[in-house]
Amino acid sequence: MARLSRRDLLQSYSVVFAGQALGVATAETPAAGVARLNHNENPFGPSPRARDALRSLGQVAWKYAYEEVAMLRGLVAEREGVRPANVFVGEGSGELLKVAAMLYSEPGREIIAARPTFPMLPGYAARHGAAVTWVDVDASFGNDFRAMRAKVSERTSLIYVCNPNNPTGTVADPDDLRAFIRAVSRGVCVVVDEAYIDFAANPERATVVDLVKEGANVLVTRTFSKLYGLAGLRIGYGIASDDVVRRLESLRISIPNQAGVTAARASLGDDVFRLATRKKVSECLHFTCGLFDELGLRYVRSQANFMMFDTRAPSAEFVDFALRRGVMIAPVQGQFGNWARVSMGRTEDMQSFARALRAYLKAA
Ligand SMILES: Cc1ncc(COP(=O)(O)O)c(C=O)c1O
């Protein structure tokens, strides 16, 4: 920590919700000892199978990964019960959100999204000329489908639903989400961002991949960056109708890299790793809920690998205070300006977080 300046660390912030300006993480690498609890990564890293697979990568690094991407596409299709033509393998799910925003945005079009949510797709759509209509989360911090539905007009081209929602960590009631998609998706594409679905209490019931099979106009996006610990290798995928996948593909220039595809293929069937990671995150959530309860802080019960909590003052203050103690967390903005988001990390990271939070409240 000592050798890294405060300015360096500040550059590594991710801003959870801005609605307009998006402060996104830079490539800064915090020095050893810094608790990196601001990007919702898996600090335990990739599965042993992925690490093994990556060892032989030197021999294939020279070639584009066309065949390997096709194999991953087939693997995902098989697991999800769709056809390979329904699968888009992207450079992180961020690429999917980007090309979806491009496809459905132009002046005169409108995107609907919750506030707060992960702001990348709406932000990118706005830069392509679309208007963004923000709909505040409901009293339970979840997507307010009734209010969203009321906002749909003939200008609406896309609705973005993050499930579990970042930064609130809430999971939509599966029946409500399905009813909403069935009702609105005739004229509108619904993008359901399932980046954190692997952490949900019941991922099989929470996912809406079955609606793609049913023919609804829905694009489901997933990533290997979170539970699978491959954020640095930029690999994710989307599932949609073959027509939508074809149109998304037409907007891409490059394809994912060998390392990401290789590690993803090795990770996908590793249920031992998946369950072990879920267990670690759930223990960490338990610890963090206990901490907030003890300190009397409000928080949202999360089904993801992060938690949103009320710092009782503009959250930039605590974010800055924690940063000076080597703990990186993310502020939440908009109507939740007093709230911050902390990722679930290693035990020592969470202890550093707890120490910083106690010290902050004591000094307040
Ligand atoms: C909700 C959500 N979707 C998508 C992404 C993009 O992740 P990646 O591009 O690494 O797949 C993130 C990253 O933090 C996220 O929080």
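## Exercises on a predicted chain

Helix H3 (residues 66-80) lies across strand E2, strand E7 (218-223) and strand E8, running at about 130° to E2. Axes here are lines fitted to C-alpha atoms, for helices over the stretch in contact, with angles from 0 to 180 degrees between N-to-C directions, and contact means heavy atoms within 4.5 Å. Helices (H or I, at least four residues) and strands (E, at least two) are DSSP runs, numbered from the N terminus.

The model is predicted, with local features needing pLDDT of at least 70 and side-chain atom pairs counting only at pLDDT 80 or more, while totals for chains, interfaces and linings use all residues. Residues are numbered from 1 along each chain as its sequence is written, and side-chain values use heavy atoms, with hydrogens and water left out.

**Exercise 1. Work out the order of the strands in the open sheet, and find which strands form its edges.**

Solution. Begin with the order, which is E2-E8-E7-E6-E5-E3-E4, seven strands with mixed pairing. Then look for strands that pair on one side only, where pairing requires at least two DSSP bridges between two strands: these edge strands are E2 (87-90) and E4 (131-136). Next, follow E2 to E8 (residues 236-239), with which E2 pairs in the antiparallel sense over four bridges; here Phe88 has Gly238 in E8 as its bridge partner.

**Exercise 2. Describe helix H12 by its span, and then say what covers its buried residues.**

Solution. First take the span: H12 (residues 271-295) has 25 residues and reaches 36 Å from its first C-alpha to its last, close to the 36 Å expected at 1.5 Å a residue, the expected value being 1.5 Å times one less than the number of residues. Second, list buried residues (under 20% relative accessible area, with exposed over 50% and partly exposed in between, for a 1.4 Å probe and protein chains only); among them are Phe273, Val281, Leu285 and Phe292. Third, name the cover, which includes helix H2 (48-55), strand E9 (306-310), strand E12 (339-343) and helix H14 (347-363). Just past the helix end, Gly296 takes a positive phi of about 70°.
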